[in-house]
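Reader: I want the terms tied to their cut-offs. Can we go through the assignments one by one?

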Amino acid sequence: MKKIITSIAAALCLLSANAITVTHDGKTVENGATITVGADGFEVIEKVPGVLYSVKAEEIFNVTGATNLSLTATSATQDITICALSGECYTLMGEDGNYSLTMPSFNDGMTVDLEYNRTTEVPKEIHSVDITITSSDAPFKMTVVFDTVNNAGVGNIASDTAGSYTVYNLNGVKVLETTDKAAVNNLPAGVYVVNGTKVIK
């Protein structure tokens with residue numbers, strides 16, 4: 001009986017040692033978790049006024065704990081690219097809002113770079129990417145949501161001690177100084193720094 005219990009304990013240790021572990025920003029991601037990226041998660045890649053505007057949100061996930069891993073991603077948008085830090089990149093393929101990709105098998109220690117690229121200013125939209133990582137163990141699932149609609153925005157930025165709002169554009173030019181929050185909210189769409197906080201309208 002003792003031999004059976006010891007064998008079961010050893011098998012359980014082996015299984016837990018091979019479990020898939022995913023970390024993001026130094027924190028463990030729970031299986032089934034949803035990670036939300038707001039408008040402040042986008043960065044301007046290139047900007048030529050009136051010609052080119054390109055933004056990108058990039059999230060990096062470290063996958064460890066198992067071997068012969070496979071990653072599948074599905075989304076309603078085709079603007080998603082998944083790269084390994086070794087350089088291979090894969091773009092979701094498909095049509096009519098049904099896009100997916102499967103990365104070939106990779107070993108323990110894979111770092112996955114999930115990118116959402118747009119050749120416009122930061123879009124006002126919500127898109128999600130469902131990711132499943134499989135091995136001989138149970139699959140690991142998570143969802144990454146790019147939500148630029150429900151961003152905190154100007155409404156959650158406190159006025160300074162004098163009750164005013166100072167607004168700069170990305171070129172460092174002051175575009176507005178006011179005590180009227182409505183005037184700040186009525187600025188044209190774009191990226192601003194309001195009282196030291198980046199806001200995307």
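Author: Start with strands. Helices (H or I, at least four residues) and strands (E, at least two) are DSSP runs, numbered from the N terminus. The model is predicted, so local features need pLDDT of at least 70, side-chain atom pairs count only at pLDDT 80 or more, and totals for chains, interfaces and linings use all residues. Residues are numbered from 1 along each chain as its sequence is written, and side-chain values use heavy atoms, with hydrogens and water left out.

Reader: Where does Thr81 lie?

Author: Thr81 belongs to strand S7, residues 80-84.

Reader: Why does Thr81 count as buried?

Author: Buried means under 20% relative accessible area, exposed over 50%, partly exposed in between (1.4 Å probe, protein chains only). Thr81 has 14% relative accessibility, so Thr81 is buried.

Reader: Which residues does Thr81 touch, not counting residues up to four places away in sequence?

Author: Contact means heavy atoms within 4.5 Å. On that basis Thr81 touches Cys89, Tyr90, Thr91, Asp113, Leu114, Glu115 and Asn117.

Reader: And Ala189, buried or exposed?

Author: Its relative accessibility is 63%, so Ala189 counts as exposed. Ala189 sits in the loop between helix H2 (181-185) and strand S16 (191-194).

Reader: What makes S6 and S12 a pair?

Author: Two strands pair if DSSP finds at least two bridges between them. Strand S6 (residues 69-75) and strand S12 (residues 126-134) have six bridges, in the antiparallel sense. They therefore meet the criterion.

Reader: What is the strand order in the open sheet of six strands?

Author: The order is S3-S13-S12-S6-S10-S9, with mixed pairing. Strand S3 (34-37) and strand S9 (93-95) are the edge strands, because each pairs on one side only.

Reader: What makes a set of residues a nonpolar core?

Author: A nonpolar core is a set of buried Ala, Val, Leu, Ile, Met, Phe, Trp, Tyr and Cys residues joined through side-chain atoms within 4.5 Å. The largest one here has 35 residues. Val22, Leu71, Ile82, Ile131, Ile133 and Phe146 have the most contacts inside it. A second, separate core has eight residues, including Val184, Leu187, Val194 and Val199.

Reader: How far apart are Ala33 and Met142 in sequence and in space?

Author: They are 109 residues apart in sequence and 5.0 Å apart in space, C-alpha to C-alpha. Leaving aside neighbours within four places in sequence, Ala33 is in contact with Lys141, Met142 and Thr143.
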